[in-house]
Each structure stands twice: as structure tokens, then as C-alpha cells.
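Subject: Structure handover

Dear colleague,

Here is the structure for you to look over. My notes on it follow below.

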Amino acid sequence: MQRRLLVSTLAVAVVAVLLLGLPLAFVLSRVRVGEASQQLKRDATTLATGLQQRVDAGLPPDAGEVGRSLSDRYVIITERGAARTVVGTAPPPHDTITAQDSTRDFTVTVDADDSFVTAEVLSGLGMIGSVALVAIVVAVGLALLQARRFTRPLQELAGAADRLGSGDARPLGRRYGVPEFDRVAEGLDSSAQRINELLAAEREFAVDASHQLRTPLTALSMRLEEMIEAANYPDVVREEGAAALAQTERLAEVVSQLLGRARRPVSGVPSLASIDDIVAQQIVEWDPAFRRVSRKLEVTGEKGLLAYATPASASQVIATLLDNALVHGAGTVTIRTSETPRSVLIEVRDEGKGVPPELAPRIFERSVTGSPNGTGLGLSLARTVAAADGGQVVLVRPRPAVFALFLPHAAAGASDTPVVMGPA
């Protein structure tokens, strides 16, 4: 591209010089010839006037002597009633400039070779050529500067586009002071940012999906193990199979929610739901896991509470809190339900050491965990899922740990109109 810019600029400069220089050279030659003719005319007038003044003063005209005053000219003096006087050498007939003037008694003709005019014309043309050459050199220099100015941004923009196409979404982060280039750079940077956001969202979704699926899969695995151990007791196998089927259905709901989350920000519309049913389902799923490690899972509090929630989302949040208590807590885990004037409260508490003081303010941030083997995703996801239903997950007390899920409050028989809530 640099060569094309240079060649095109040089061509434009040459054409401009020719368009200006040729007419200027023609005008200059005509001006020089005109000036030479005027000079010869003045010489002829001077000679004729001088001769006439001598005659008028009663002096001999002495035409030969007067004519020799123009030593480089061919002079013909014609006196009335006398012989013609010729001074100098006649120039070639085709290269002659002639001027003539007359008085009462004399006619003076002055001829000159046009070589002196040619020399002046060539001198002027040489000056014009020098100026044209300087103009072309300046144009080439400016073309080189412009080529460098345009070529480098284009190369960098092309390189950024190639990197973007190959999956390297680093932003260019440069501007060049040329509006067109800057708009292209801004477009590439915006595309790189969108690609980075999409990749980050894809990675986050993969991590969230793996975490959200791990909990129901763990519970389902425990149910299947219970069925294997109780293979000789059909009633127990039937009961465990029904529970495993319920867990499979919840797993399907989790997958549907994850797919909905990938397609749109909100996975569903909350509706009036029974808190007793949601908590009972979690007891059925998690009681075997607690019994396996010789721990208890208890439910206390008010019954018959209703709240606006998506049952699958509320179940995920409670399952996350129970899983957190199972892995990081100790002793009996208690699920306590209650209501306040503005919300329905579901508390999950255990008898362990609780949340370290340094982690308590950041416990709901991603990648914050108190265990070396933890992912730091569970509580963050729980808060996000609860917020999608208009709820909130909070740490009520760090030691022993008490987490609470606040859901929008609804009294029995209330209309299905969601109430915007805050924790009581």
C-alpha cells in the first residue's frame, strides 16, 4: 500500500506540474519575444530621432557612425534623397526579429538574431523546471509521510482483525487521530469486548451448571446406594425408588432452569408456593446424607406458610444451604420457618464452628470459601437464584452459622400479585 500511495501521489504531482508548467513556459516565451521586439523598437526610434535632430540642427547626419552605436544589431538607415546606409551583419532570414521607425527624413530598420531571446527563454524555463522539481520532491516527501501515517494504522487494524478472527480477543486500545481509522479501531475494540463477555459468560455458565448439578446428583446417588443395600426389602426399595424418581424430576427442573438462564436473564415467573412442600422435599432428599454421617436434620417453626417463589429455585437455594451445612458444619442441622410482616423466612443453622470472621463480609462473593477443597460458588449462586425470584439470602449469624432465605410474603388466600420485599 505504501508503494501505491507513493506512486499515486507522484503521478498527481507530475500531472499538476505539467498542467501548470507548460502554459507558464509558453507564456514566458511569448513575453520574452515581446520584450525583445519592444527593445528593438526603442532602438530604432532612438536612432531615427537622433538622426533627425542632427539634421534639424544643421549637422551632417553621419548615419554610419550613428548606426554603429548598436554594434550587435543589423541596422538599415534610409535617408530621403540619399543612399541607404547598412551597418552590421545581416542575421539568418528565419531567425530574425525586426523593428522599424521613421521620422521626416529618416527610416531606421533594426534586425537582430533571436538567439539572445532564446537564451532568456531557456533561462526562464530552467527556473520553472527547478521549481517543478522542488515541487515534485516535496510531494514525494509528503507522500512518504502520509504513506507511513496511513500504512501503520492499517497494518495494526488488519492484525487486530486477524487476531480477533483467530479467537484472540485482546482489544487494540489505540487511536490514531484519523476519524475513519478511529471508528474502525473502536468497532474492533467493541467486538473484542463483546467476545470477552460472551466467553466469560460461557465459562461462568459451565462452572455454575456443574455446581448446580452436583448437589442433586449426589442426593440421587445416595438414594441409589440405599436401594442397593435394601435390595431384599421390596417396601424399602419402592420407597427409595419413589424418592429417587422425585430427585430425578428435580434434577430435570435444575437442567431446565440452567437452560433458561442461558437464554434469558430470568428463568421463570414466581408464583404462590407452599413453603412446607418445598422444605419437605428437601428433607426427603437430604435426610439420608445426614444419617450416613450420624447427624440429624430437623424442621421447626410455623406451618402453612405461603410465599412467592419458583419452587425449583427455592429448592436449589435450600439444597445449597443444606449442602454447605453438611460439608462445612457439624452437629444437628435445623430448618426453621417463620414469617415477618413483609417476608417469609427460612433459616438453616448448624452447630459447627461457623464462618471465620475474615470471610463473613465476603462469604457471598464468587470463589470465596473457607475450605481448601471448596469452589466458592454455592452461596454466590444461591444468592443469585434467590434474587431472580425477588428473594434474598443473608448470613444471619456467623458462629454458629445461621443462613436465612427471605421470600416475598403472602398470607393464605392472597391474590397472585408479587410483593417486593426486603429482609425483616
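First, a term for the surface: patches are made of residues with over 30% relative accessible area and no salt bridge, with like charges joined within 9 Å and nonpolar side chains (Val, Leu, Ile, Met, Phe, Trp, Tyr) within 5 Å. A salt bridge here is a side-chain nitrogen of Lys or Arg within 4 Å of a carboxyl oxygen of Asp or Glu. Accessible areas come from the Shrake-Rupley method with a 1.4 Å probe, and for residues only the protein chains shown count as cover.

The model is predicted: local features need pLDDT of at least 70, side-chain atom pairs count only at pLDDT 80 or more, and totals for chains, interfaces and linings use all residues. Residues are numbered from 1 along each chain as its sequence is written, and side-chain values use heavy atoms, with hydrogens and water left out.

Surface

Leu10, Val14, Leu18 and Leu22 make a nonpolar surface patch of about 330 Å². Leucine 22 sits in helix H1, residues 2–56. Helices (H or I, at least four residues) and strands (E, at least two) are DSSP runs, numbered from the N terminus. Leucine 22 counts as exposed because its relative accessibility is 59%. The cut-offs are under 20% relative accessible area for buried, over 50% for exposed, and partly exposed in between (1.4 Å probe, protein chains only). The chain exposes about 23500 Å². Carbon and sulfur atoms supply 59% of that area.

Overall fold

There are 8 helices and 11 strands in the chain. Of its 424 residues, 39% are buried. Contact means heavy atoms within 4.5 Å. Among contacts between residues at least 6 apart in sequence, 66% join residues at least 24 apart.

Cores

In soluble globular proteins, nonpolar side chains tend to be buried together. A nonpolar core is a set of buried Ala, Val, Leu, Ile, Met, Phe, Trp, Tyr and Cys residues joined through side-chain atoms within 4.5 Å. The largest one has 40 residues. Its members that touch the most others are Ile275, Trp286, Leu297, Val317, Leu322, Ile335 and Leu405. Elements that each supply at least two residues include helix H6 (275–292), helix H7 (311–328), strand S8 (333–339) and strand S11 (402–410). H7 gives the largest share, 8 residues. Leaving out residues up to four places away in sequence, isoleucine 275 touches Leu305, Leu306, Ala307, Thr337, Val344, Ile346 and Leu407. A second, separate core has 20 residues, among them Leu40, Ala44, Val87 and Val117.

Aromatic pair

Rings of Phe, Tyr and Trp (its six-membered ring) pair if their centres lie within 6.5 Å; planes under 30 degrees apart count as stacked, over 60 as edge-to-face and the rest as tilted. The whole structure holds 1 such pair. Phenylalanine 364 is in the loop between S9 and H8 and phenylalanine 403 in strand S11, so the pair ties together parts 39 residues apart in sequence. Both phenylalanine 364 and phenylalanine 403 are buried.

Backbone

Most residues other than glycine have a negative phi, and most peptide bonds are trans.

- Arginine 399 to proline 400 is a cis peptide bond, omega near -20°. Proline 400 is in the loop between strand S10 (392–397) and S11.
- Aspartate 62 has a positive phi of about 50°. Aspartate 62 lies between H1 and helix H2 (63–67), in the loop, and is partly exposed at 40% relative accessibility.
- Serine 294 has phi near 60°. Serine 294 is in the loop between H6 and strand S6 (297–301), exposed at 70% relative accessible area.

Best wishes
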